[in-house]
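Keep the structure open while reading.

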Amino acid sequence: MSKPQPIQTNSTYSMGNYQSLGLSSSPKRPELSQEFKKNLNEKTKSKSKAKTNSKTKPKTRSKKRGKKNSQTDEDLGPSKEIDVENPDPVDEMKTIDDVLKHHISIAYFEAYLIQSQSQENILFYQAVKKFQSIRDPEQMREEADKIISIYMAENGKYEINIDSPTKRKAINTFQDGKVTKNIFDESLDHVIHLMKTDKFISFTKSPEYKELSKDWYRIKNSMMPIGPETPRNGIFQEFYSHEKEYSLNLSTFIDRICKPLSQDNGAIMSQEDFKKLFFNIQEIFNFSIDFLTDLDEKKRNWNYKECVGDLFLKFKHNLKTLYVPYFNNFKIALQTFNEKIIHNKSALNFLRKHITKDIDIESMLNLPNLQLDAYKEFIDKMIHASSEFHPDIQYLEEAKKFITRTQSRCLKTTSTSSQA
Amino acid sequence: MGNKNLKKKRKEEIARNELVEQELKKSDLVQKQQVKLLILGAGDSGKSTLLKQMQILYKDGFSKEDKQLYRNVIRTNIITYIKILLKGVQMLDLKLHKSNEKIAEDFLNLPDIIDSFTPNSILASKQLWNDPAMKMSFEKRAQFQLADSAGYFLDNIDRIASENYKPSDQDILNCRISTTGVKVVEFLVNNQPWKVVDVGGQRSERKKWIHHFDDTTLLIYVVAVNEYDQKLFEDNTTNRLHESLKLFETTANNQFLSNKNCVILFNKTDLFKDKIQKVNFNKCFEDFKGSNNYEEVIKFIKTLFVKAGKNTKRSIFVHYSCATNTNEIRFVFDAVQSTILENILKEQGFM
């Protein structure tokens, strides 16, 4: 879908001493609006492509062997010894390497790590795996740059906890322009080791792991999509970032354009024109925050079973009564824009005086028109990524029908309509 | 007469009842009040060890799975230590016994992160550790990064290498696993629910701390005093004790914590005692003008920290410990308990 240019917002907040010591200066759990700012410039979520057969770790074997049958490697993690006494339904799901083989099991593990605030580890794992699958050198460089700024740079959003020589080595190699496929291998080994020794064992005792055990046979029997397809989680995260950006853009637009224009008692434009131009954008913005709040809730509780289709059904009424009229008014809005702003010196001057950065008002006005398409695209992707057994499927199907119906209510005549 | 006696008796009874009731109310209060302990400190200071001690003191110790995990971690760590010491041997230009040279080569070829092992490699570790050159390398360990607990485990290598090795509580307490993220564990300490928050200590982990500052009852800040000559894991240039002090200053004075009582736990005093005889404290803290002995240096460090966290709204309690020593930590937590109790009762107007 075509996106208007996001408005630049300061993406970090910092405060003297805190920064050098690695403390964040935000006093509380970041509120929604802060989260916006933090994440605005990031497409953090990479589509995880855990390859089914990739061995993530080189097995360490001492070269000398000589004893009878006792040479099998002992792996970290819960051992088979215990299973004899307490048979486990997921016998083969024992090591972190197993979990890292499937995007579904990764999603469960990720859900657990989010709760214990250590998701940067698994996100880094997924980002590196994605990086390793890239062939094009230019794209590789770009992706490596992203990985370094998000996961390795001091105060990066998801800075990983590894020792400085390893970190420096990767960064220096990158800065020397020697981006190779294995530039992050050593760091990844450290991160996997960290997850393995600290968090994996407690994961195996968590409710998420229990859920995963139940699903494991289905995963194994390929009743669910396994392989390079984008998992639901990745699609959801992407959608979430999109929605966040959308709300933030709206909020900036309203604060910096709409509100100033409505001031001065209609000196710049009459109330009538104002209404023609911006229509119900304020209500749309309010709704987008409600919607995002619910999404945020889902994001925090995300696990494999989480549904999202229900959200669209819950907000059916808002979607219909806000977006359709806005869309249908758009032609008038553009006319008003041309007459009252573009060809109106005082309005233009006013805008120039009050708005420091250039904002493309036309494309900002068009933002809400792109939403229905974005929803449809998201729902389609989710349907594609979900197995027919997933509880979300029925919601998604119904939501898809609803969105299609709603779109058909939009007048075909409006020209600047969106394209998916 | 009889009537008077009766009245007196009645009065006493009422007074006694009131007393009992008040006691009940107190204990009820104590039980209802959720206590939240926040354990903070720089990386590798011993925060998670405290949590393990609480597991021993207030829960039923370590589960079979835990033990299995630690067994594997301890054994892989041994191999890692041997490899680091072998690198030390090379660096210091020491000579291994001829019969060990081949094995040493195998070890040096291992990847940096070792996460599995064979029984044979454990036996080989044992053999190498007995080489005088390795002991020499160990003596000079300050010149390269070797975990604090390496000495403990290498001293116990015979037991750890034995086929039926099961880690003791002491082994588990000594076993270092780097923490990432946040761990919240609930304990029942003398019928009082405690929520204990343990965190990772490296810089990248600290941005997660702030989410847990609310509703803190007591802050426990752990300082590894033996670190005065070591550099940070995460930047290799900053002195660890300097960092710990600076971190304490910013954390303890954070608006959410500045009025909370605080325990500073000076940890790893055993290792500190050894080190102070070898490494001059003055080399790392130039302001220190006293003589280089345990008491004076500890006093100096204490003054620095207490000064950094002092304000009128809180009390600071100082303890010294070796966090792997269960008795010492029991003593610390007994003290913590009475502080908390006092706190609650004061808040409710009983004192």
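Start with chain A, which has 18 helices and one strand. The model is predicted. Of the 420 residues in chain A, 54% count as buried. Chain A exposes about 20000 Å², and carbon and sulfur atoms supply 49% of that area. Contacts in chain A can also be sorted by distance along the sequence. Among those between residues at least 6 apart in sequence, 77% join residues at least 24 apart.

Rolling a probe the size of a water molecule over the atoms shows where empty space is left. The second largest pocket has a volume of about 1400 Å³. Its lining is made up of 43 residues, and the closest to the centre are His190(A), Thr80(B), Ile84(B), Gln145(B) and Phe233(B). Which helices each supply at least two residues of this lining? They include α8 (164-175) and α9 (185-203) of chain A, together with α3 (64-91) of chain B. Of the elements involved, α3(B) gives the most, with nine residues. By residue type, the lining of the second largest pocket divides into 16 nonpolar, 15 polar and twelve charged residues.

Now turn to the aromatic rings. Over all chains, the structure holds 45 aromatic pairs. One of them is formed by Phe291(A) and Phe315(A), with 5.8 Å from centre to centre and 65° between the planes. Planes over 60 degrees apart count as edge-to-face, and this pair of Phe291(A) and Phe315(A) is edge-to-face. Phe291(A) lies in helix α13 (residues 281-300) of chain A, while Phe315(A) lies in the loop between α14 (309-314) and α15 (316-342), so the pair ties together parts that are 24 residues apart in sequence. Both Phe291(A) and Phe315(A) are buried.

A second example is found in chain B. The ring centres of Tyr221(B) and Phe248(B) are 4.8 Å apart and their planes stand at 50°, so this pair is tilted. Tyr221(B) belongs to strand β5 (residues 218-224) and Phe248(B) to helix α11 (residues 240-252) of chain B.

In chain A, they link Phe239(A), Phe287(A), Phe291(A), Phe312(A), Phe315(A), Tyr323(A), Tyr375(A) and Phe378(A). Phe291(A) and Phe315(A), the edge-to-face pair described above, are both among the members of this cluster.

Key. Residues are numbered from 1 along each chain as its sequence is written. Chains are lettered from A and ligands numbered from 1 in the order in which they are written. This is a predicted model: local features need pLDDT of at least 70, side-chain atom pairs count only at pLDDT 80 or more; totals for chains, interfaces and linings use all residues. Side-chain values use heavy atoms; hydrogens and water are left out. Helices (H or I, at least four residues) and strands (E, at least two) are DSSP runs, numbered from the N terminus. Buried means under 20% relative accessible area, exposed over 50%, partly exposed in between (1.4 Å probe, protein chains only). Contact means heavy atoms within 4.5 Å. Accessible areas come from the Shrake-Rupley method with a 1.4 Å probe; for residues, only the protein chains shown count as cover. On a 1 Å grid over the protein atoms alone, a cavity is a set of points where a 1.4 Å probe fits but cannot get out, and a pocket is an open set with protein on both sides within 12 Å along at least five of seven lines; lining residues have an atom within 4 Å of a point. Grid points are joined across faces, edges and corners, and a volume is the space filled by probe spheres set on the points. Ala, Val, Leu, Ile, Met, Phe, Trp, Tyr, Cys and Pro count as nonpolar, Asp, Glu, Lys and Arg as charged, and the others, Gly among them, as polar. Rings of Phe, Tyr and Trp (its six-membered ring) pair if their centres lie within 6.5 Å; planes under 30 degrees apart count as stacked, over 60 as edge-to-face and the rest as tilted.
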